[in-house]
Amino acid sequence: MISVEVNDKQITATLAGIEGKLANQGDLMAQIAELLLDSTVERFQTGTAPDGTPWAPKSSTTIAAYEARKEPVSLKPLIGPTKSLSSITNFATASGDDWARISSRAIQSAVMQFGAEQGAFGAFMGIDKRGRRHFHSIPWGDIPARPFLGISADDEEAVIAAIKDWVAL
(Lines give C-alpha, C1' and ligand atoms only; values in the text may rest on other atoms or scores of the structure.)
Protein backbone atom coordinates (compact mmCIF):
# COMPACT_ATOMS: atom_id res chain seq x y z
CA MET A 1 0.00 0.00 0.00
CA ILE A 2 1.24 3.45 -0.91
CA SER A 3 0.32 6.47 1.11
CA VAL A 4 0.71 10.07 -0.01
CA GLU A 5 0.46 13.02 2.29
CA VAL A 6 -0.31 16.40 0.73
CA ASN A 7 0.88 19.46 2.56
CA ASP A 8 0.32 21.94 -0.26
CA LYS A 9 -2.28 24.52 0.82
CA GLN A 10 -3.61 25.15 -2.70
CA ILE A 11 -4.10 21.43 -3.45
CA THR A 12 -5.72 20.87 -0.05
CA ALA A 13 -8.07 23.83 -0.61
CA THR A 14 -8.99 22.58 -4.11
CA LEU A 15 -9.74 19.08 -2.81
CA ALA A 16 -11.82 20.55 0.02
CA GLY A 17 -13.76 22.63 -2.52
CA ILE A 18 -14.53 19.53 -4.58
CA GLU A 19 -15.60 17.64 -1.46
CA GLY A 20 -17.89 20.51 -0.47
CA LYS A 21 -19.52 20.64 -3.89
CA LEU A 22 -20.14 16.90 -3.93
CA ALA A 23 -21.73 17.08 -0.49
CA ASN A 24 -24.38 19.57 -1.65
CA GLN A 25 -25.56 19.20 -5.25
CA GLY A 26 -28.84 21.04 -4.68
CA ASP A 27 -28.07 23.92 -7.06
CA LEU A 28 -27.04 21.49 -9.80
CA MET A 29 -30.17 19.38 -9.32
CA ALA A 30 -32.40 22.48 -9.51
CA GLN A 31 -30.65 23.47 -12.76
CA ILE A 32 -31.17 19.96 -14.19
CA ALA A 33 -34.87 20.04 -13.26
CA GLU A 34 -35.26 23.38 -15.08
CA LEU A 35 -33.46 22.03 -18.17
CA LEU A 36 -35.86 19.07 -18.25
CA LEU A 37 -38.86 21.35 -17.74
CA ASP A 38 -37.85 23.50 -20.72
CA SER A 39 -37.41 20.51 -23.02
CA THR A 40 -40.70 18.97 -21.87
CA VAL A 41 -42.63 22.16 -22.61
CA GLU A 42 -40.93 22.30 -26.04
CA ARG A 43 -42.18 18.77 -26.80
CA PHE A 44 -45.72 20.11 -26.89
CA GLN A 45 -44.68 22.45 -29.71
CA THR A 46 -42.87 19.75 -31.70
CA GLY A 47 -45.30 16.93 -30.88
CA THR A 48 -42.51 14.47 -30.23
CA ALA A 49 -41.62 11.97 -27.54
CA PRO A 50 -38.27 12.11 -25.73
CA ASP A 51 -36.95 9.46 -28.13
CA GLY A 52 -37.80 11.73 -31.10
CA THR A 53 -40.78 9.78 -32.41
CA PRO A 54 -43.82 11.85 -33.34
CA TRP A 55 -46.91 11.59 -31.17
CA ALA A 56 -49.95 9.86 -32.61
CA PRO A 57 -52.26 12.45 -34.18
CA LYS A 58 -55.64 13.32 -32.70
CA SER A 59 -58.37 11.03 -33.91
CA SER A 60 -61.10 12.40 -36.14
CA THR A 61 -63.59 11.45 -33.41
CA THR A 62 -61.78 13.64 -30.87
CA ILE A 63 -61.69 16.56 -33.30
CA ALA A 64 -65.39 16.10 -34.06
CA ALA A 65 -66.20 16.05 -30.32
CA TYR A 66 -64.44 19.42 -29.83
CA GLU A 67 -66.28 20.85 -32.82
CA ALA A 68 -69.65 19.55 -31.57
CA ARG A 69 -69.05 21.31 -28.24
CA LYS A 70 -68.02 24.44 -30.18
CA GLU A 71 -64.61 24.41 -28.52
CA PRO A 72 -61.46 25.63 -30.26
CA VAL A 73 -59.60 22.78 -31.93
CA SER A 74 -55.85 22.45 -32.19
CA LEU A 75 -54.71 19.66 -34.47
CA LYS A 76 -51.58 19.26 -32.34
CA PRO A 77 -51.68 16.13 -30.18
CA LEU A 78 -52.07 16.75 -26.43
CA ILE A 79 -53.19 20.35 -26.98
CA GLY A 80 -56.81 20.63 -25.91
CA PRO A 81 -59.12 23.63 -25.67
CA THR A 82 -57.92 24.51 -22.17
CA LYS A 83 -54.25 23.74 -22.88
CA SER A 84 -54.18 22.39 -19.33
CA LEU A 85 -51.79 19.50 -19.98
CA SER A 86 -49.27 21.58 -21.92
CA SER A 87 -49.41 24.61 -19.63
CA ILE A 88 -46.20 25.30 -17.77
CA THR A 89 -48.29 25.95 -14.66
CA ASN A 90 -49.19 22.26 -14.67
CA PHE A 91 -45.58 21.18 -14.39
CA ALA A 92 -43.60 21.02 -11.20
CA THR A 93 -39.89 20.71 -10.67
CA ALA A 94 -38.36 19.54 -7.46
CA SER A 95 -34.82 18.80 -6.40
CA GLY A 96 -32.84 17.72 -3.43
CA ASP A 97 -29.17 17.36 -2.68
CA ASP A 98 -28.83 14.43 -5.08
CA TRP A 99 -32.00 14.24 -7.20
CA ALA A 100 -34.10 16.22 -9.66
CA ARG A 101 -37.69 15.64 -10.74
CA ILE A 102 -40.18 17.06 -13.19
CA SER A 103 -43.81 16.03 -13.05
CA SER A 104 -47.21 17.03 -14.35
CA ARG A 105 -50.13 18.02 -12.12
CA ALA A 106 -52.70 17.58 -14.91
CA ILE A 107 -55.17 14.83 -14.10
CA GLN A 108 -54.94 13.29 -17.58
CA SER A 109 -51.13 13.24 -17.70
CA ALA A 110 -50.63 9.55 -16.87
CA VAL A 111 -53.12 8.45 -19.53
CA MET A 112 -51.45 10.69 -22.11
CA GLN A 113 -47.96 9.48 -21.12
CA PHE A 114 -48.77 5.75 -21.10
CA GLY A 115 -52.01 5.47 -23.09
CA ALA A 116 -55.13 3.52 -22.11
CA GLU A 117 -57.37 0.95 -23.73
CA GLN A 118 -61.08 1.50 -24.18
CA GLY A 119 -62.87 0.70 -20.93
CA ALA A 120 -59.66 0.57 -18.87
CA PHE A 121 -61.31 2.69 -16.16
CA GLY A 122 -64.76 1.13 -16.24
CA ALA A 123 -67.95 2.71 -17.49
CA PHE A 124 -70.62 5.20 -16.53
CA MET A 125 -74.31 5.24 -17.23
CA GLY A 126 -75.54 7.96 -19.53
CA ILE A 127 -78.98 8.99 -20.68
CA ASP A 128 -79.54 9.92 -24.31
CA LYS A 129 -81.91 12.59 -25.65
CA ARG A 130 -84.82 10.13 -25.59
CA GLY A 131 -84.28 9.29 -21.93
CA ARG A 132 -82.79 5.86 -22.61
CA ARG A 133 -80.03 4.65 -20.32
CA HIS A 134 -76.84 3.19 -21.71
CA PHE A 135 -73.27 2.64 -20.58
CA HIS A 136 -70.24 4.50 -21.88
CA SER A 137 -66.74 3.08 -21.57
CA ILE A 138 -64.08 5.15 -19.85
CA PRO A 139 -62.22 6.00 -21.96
CA TRP A 140 -64.70 5.63 -24.80
CA GLY A 141 -61.91 4.57 -27.19
CA ASP A 142 -58.27 3.54 -27.14
CA ILE A 143 -55.88 6.36 -26.29
CA PRO A 144 -52.39 5.92 -27.71
CA ALA A 145 -49.39 6.65 -25.51
CA ARG A 146 -47.84 10.03 -26.23
CA PRO A 147 -44.82 10.22 -23.92
CA PHE A 148 -43.90 13.77 -23.01
CA LEU A 149 -41.87 13.15 -19.84
CA GLY A 150 -38.43 11.62 -20.18
CA ILE A 151 -34.85 12.39 -21.14
CA SER A 152 -33.98 12.86 -24.79
CA ALA A 153 -30.52 12.61 -26.32
CA ASP A 154 -30.38 16.44 -26.33
CA ASP A 155 -31.45 16.48 -22.67
CA GLU A 156 -28.69 14.04 -21.83
CA GLU A 157 -26.10 16.29 -23.51
CA ALA A 158 -27.46 19.37 -21.72
CA VAL A 159 -27.40 17.63 -18.34
CA ILE A 160 -23.84 16.40 -18.88
CA ALA A 161 -22.76 19.92 -19.91
CA ALA A 162 -24.44 21.34 -16.77
CA ILE A 163 -22.63 18.80 -14.60
CA LYS A 164 -19.27 19.63 -16.22
CA ASP A 165 -19.85 23.37 -15.72
CA TRP A 166 -20.90 22.79 -12.13
CA VAL A 167 -17.87 20.65 -11.32
CA ALA A 168 -15.45 23.23 -12.78
CA LEU A 169 -13.95 25.23 -9.95
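Five bridges hold strand 1 (residues 91-95) and strand 2 (residues 100-104) together, and the two run antiparallel. Strands count as paired here if DSSP finds at least two bridges between them; helices (H or I, at least four residues) and strands (E, at least two) are DSSP runs, numbered from the N terminus. The link from strand 1 to strand 2 is a hairpin of four residues, and threonine 93 sits opposite isoleucine 102 in strand 2.

A word on the model: it is predicted, with local features needing pLDDT of at least 70 and side-chain atom pairs counted only at pLDDT 80 or more, while totals for chains, interfaces and linings use all residues. Residues are numbered from 1 along each chain as its sequence is written, and side-chain values use heavy atoms, with hydrogens and water left out.

On to the rings. Searching the whole structure turns up four aromatic pairs, where a pair means rings of Phe, Tyr and Trp (its six-membered ring) with centres within 6.5 Å; planes under 30 degrees apart are called stacked, over 60 edge-to-face and the rest tilted. Phenylalanine 91 and phenylalanine 148 make an edge-to-face pair, because their ring centres are 6.2 Å apart and their planes meet at 75°. Phenylalanine 91 belongs to strand 1 and phenylalanine 148 to the loop between strand 4 (133-137) and helix 5 (153-167), so this contact ties together parts 57 residues apart in sequence. Together with Phe44 and Trp55, Phe91 and Phe148 form one aromatic cluster.

Phe148 also turns up in the largest nonpolar core, a set of 21 residues in which Phe44, Leu78, Leu85 and Phe148 have the most contacts. Such a core is built from buried Ala, Val, Leu, Ile, Met, Phe, Trp, Tyr and Cys residues joined through side-chain atoms within 4.5 Å. At least two residues come from each of helix 2, helix 4 (109-114) and helix 5, with helix 2 giving the most, at six.

As for charges, the structure has two salt bridges, each a side-chain nitrogen of Lys or Arg within 4 Å of a carboxyl oxygen of Asp or Glu. In one, arginine 43 meets aspartate 155, with the closest N and O atoms 2.7 Å apart. Since arginine 43 is in helix 2 (residues 26-46) and aspartate 155 in helix 5, the pair ties together parts 112 residues apart in sequence.

Lysine 70, in the loop between helix 3 (60-68) and strand 1, has a positive phi near 60° despite not being glycine, and is exposed at 76% relative accessibility. Lysine 83 is found in the loop between helix 3 and strand 1 and has a positive phi of about 55°. The peptide bond from isoleucine 138 to proline 139 is cis, with omega near -10°; proline 139 lies in the loop between strand 4 and helix 5.

Conventions: Buried means under 20% relative accessible area, exposed over 50%, partly exposed in between (1.4 Å probe, protein chains only).
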